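Please look over the sequence and the structure below, and then read the briefing that follows.

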Amino acid sequence: MDKATLTYKDRTVDFQIIEGSEGEKAIDINSLRQATNLITLDVGFQNTGSCTSAITYIDGDKGILRYRGIPIEELAEKASFSEVAYLLIYGNLPTREQQNLFSQRLTQNSMMHEEMLRFFDGFPPTAHPMAMLVTMVNALSVYYTDYYVQDFQSENFDIMAASLLSRIRTIAAYSYKHSIGQPHVYPKRDLKYASNFLYMMFDSPINPYIPDPDIERALSVLLILHADHEQNCSTSTVRLVGSSMVNLYASICAGICALWGPLHGGANQKVIEMLEEIKNDNLSIKQCIESAKDKNSKFRLFGFGHRIYKNYDPRSLILKNYCQTIFKKFNYDDTLINIAMELEEAALKDDFFIERKLYPNVDFYSGILYRMIGIPTNMFTVMFAIGRLPGMIAQWKEMHDSVPLKIGRPRQIYTGSALRHYIPPDER
Ligand code: CMC
C-alpha cells in the first residue's frame, strides 16, 4: 500500500495514501496530531479533503462533471430535474414506481402553511429575494417540526427531503410575486417541477402564463447543471453546520446564505451587472480585459475562473449552446449575449487568462439564459439555490449516514498577543 512519510525533528511518521474510485489520491492525516503534535495549515482548503463522498465526481483539468457516475452532458440531455434530484439523494436513477412516489411527494408538499404567507407581508418590497428565501427556509422548521428525523433511511426523511425541494420553489416564486406587488399563485398539481415554478412566477389574472416547451426545458437544464458540485463553499457549509446535528432546514439555510456571496452563487447576478455596465458605459472589450487584470482595479471578470476547473467548466458549454438556441428561436434583441461572447473570446486569447487557466464558469452564461427566460436579475442566485438543493440534501444525508459522525471543527495557528494582563481604564 502506498504511503507518505513525514520527517519532523527526530521523528519519521508514515501516513496511508487513500485512493478514490477515479484514482484520486490523498494523504490520510487523521493520526497527524497524535503522532507529531502538528496540525496542517491550508487557508481556503485548497489542498484539503473534508470527507470521502460517492455523490459527485469532478476532474477540473479535463472538464469532467458526473453525478453518481453519470456525465452531466447525458443528464442535461435526457433527464428531468426530479430524476436528477432522486439520483443525487438516493444514489441511483429512480424506477418508474420510485419516480411516481417521489413526484407524488413533491406535489403533495408543494404548498406552504397558509400562516407562512404572513411572513411575506412583513418584508419590504425591496427585500432581496435571497434574504426572503433564507428567512422562509428557516421558517419551515417552525411549521414542519414533525420532520426532525434522525433515521435517514426512514419515510420521514423522504418526505422531509421532497417537501423541502418542493417548497423552496414555492417560496422563491412567492418572493418574486411579493417584490412586484402581485398576489401569489398557488402551485398546480399537474405541472412538472420547472413548469410549475414558471407558472407560479409568471401567471396572473391579467396575463395568464403561456408555457413554452423550450423555455421549460432550458430551466430544467439550468437546475440540473446546478444540482451538485461536491464540496464547494455552500455545500461544505451545509455539512459543517449539519455536523452539529442541527436539523436539515437550519443546515440548508446556512448553505443558502453561503451561496449568496458574489464569489460563489452570487456571481451570476454579478455577470449580468458587469455586462450591463459594459453596455451602458460603452466600455470596450479591451478596456474590460485590462481592468480585470489590473490588481488595483475593482473590476473582476465575473463568471470566469474556478477553484477546481482549470479547463472549460462543462456546464458553461451546455449553457452557451442553450443560450444560442433560445436566442435564435425567440429572436431576442439582447446585446448582452454578444458582449458576453466577445468578452469570452478576448479573455481566452489573453495570456493572463491562459497562464492562470481561467475559463468561463457556470455563472457566465446562466445569467443570460435566466434573463431570456424572464427571470429578473436579483432572482438569479435564488435559482442557483433551488437547483443546488438536491445536492445539499444528498451531502447532508451522506454525512449523517457515515459512521461515526464527527462534528466539523478546524484548528488554527494563533498569531495574537502572548500572555498579557488586564489594565484598568485610567491606566491605558
Ligand atoms: N478575473 C480576473 N482575475 C481572476 C479571476 C477573474 N474572474 N479569477 C481568478 N483570477 C486571477 C486571480 O487574480 C489570481 O491571480 P494571481 O495569481 O496573479 O494573484 C489567479 O487568477 C487565481 O485566482 P484565485 O482568486 O486565487 O483563485 P481561487 O481558486 O481562490 O478563486 C474564484 C476562484 C471562482 C473565486 C475566482 O476565480 C473568482 O473570483 N472568479 C469570479 C467570481 C465567479 O465567477 N465565481 C463563480 C464561481 S463558479 C460557481 C460556483 O461554484 O460558485
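**Burial and overall form**

Buried residues, meaning those under 20% relative accessible area with a 1.4 Å probe and protein chains only, make up 48% of the 428 residues in the protein chain. This is a predicted model, in which local features need pLDDT of at least 70 and side-chain atom pairs count only at pLDDT 80 or more, while totals for chains, interfaces and linings use all residues. Residues are numbered from 1 along each chain as its sequence is written, and side-chain values use heavy atoms, with hydrogens and water left out.

**Fold and dimensions**

- The protein chain has 18 helices and six strands, which are DSSP runs numbered from the N terminus (helices H or I, at least four residues; strands E, at least two).
- Its radius of gyration, taken over C-alpha atoms, is 23 Å, close to the 22 Å that the globule rule (2.2 Å times the number of residues to the power 0.38) gives for 428 residues, so the chain is as compact as a globular protein of that length.
- The C-alpha trace spans about 80 × 65 × 55 Å along its principal axes.

**Contacts**

- Of the contacts (heavy atoms within 4.5 Å) with a separation of 6 or more in the protein chain, 72% are accounted for by residues 24 or more positions apart.

**Helix α13**

- In helix α13 (residues 285-293), the buried residues are Ile285, Cys288, Ile289 and Ala292.
- These buried residues fall within an arc of 95 degrees seen down the axis of α13, the arc being that of the directions from the helix axis to the C-beta atoms, so they line one face of the helix.
- Their cover includes α12 (267-280), α15 (335-349) and α16 (351-355).

Key. Buried means under 20% relative accessible area, exposed over 50%, partly exposed in between (1.4 Å probe, protein chains only).
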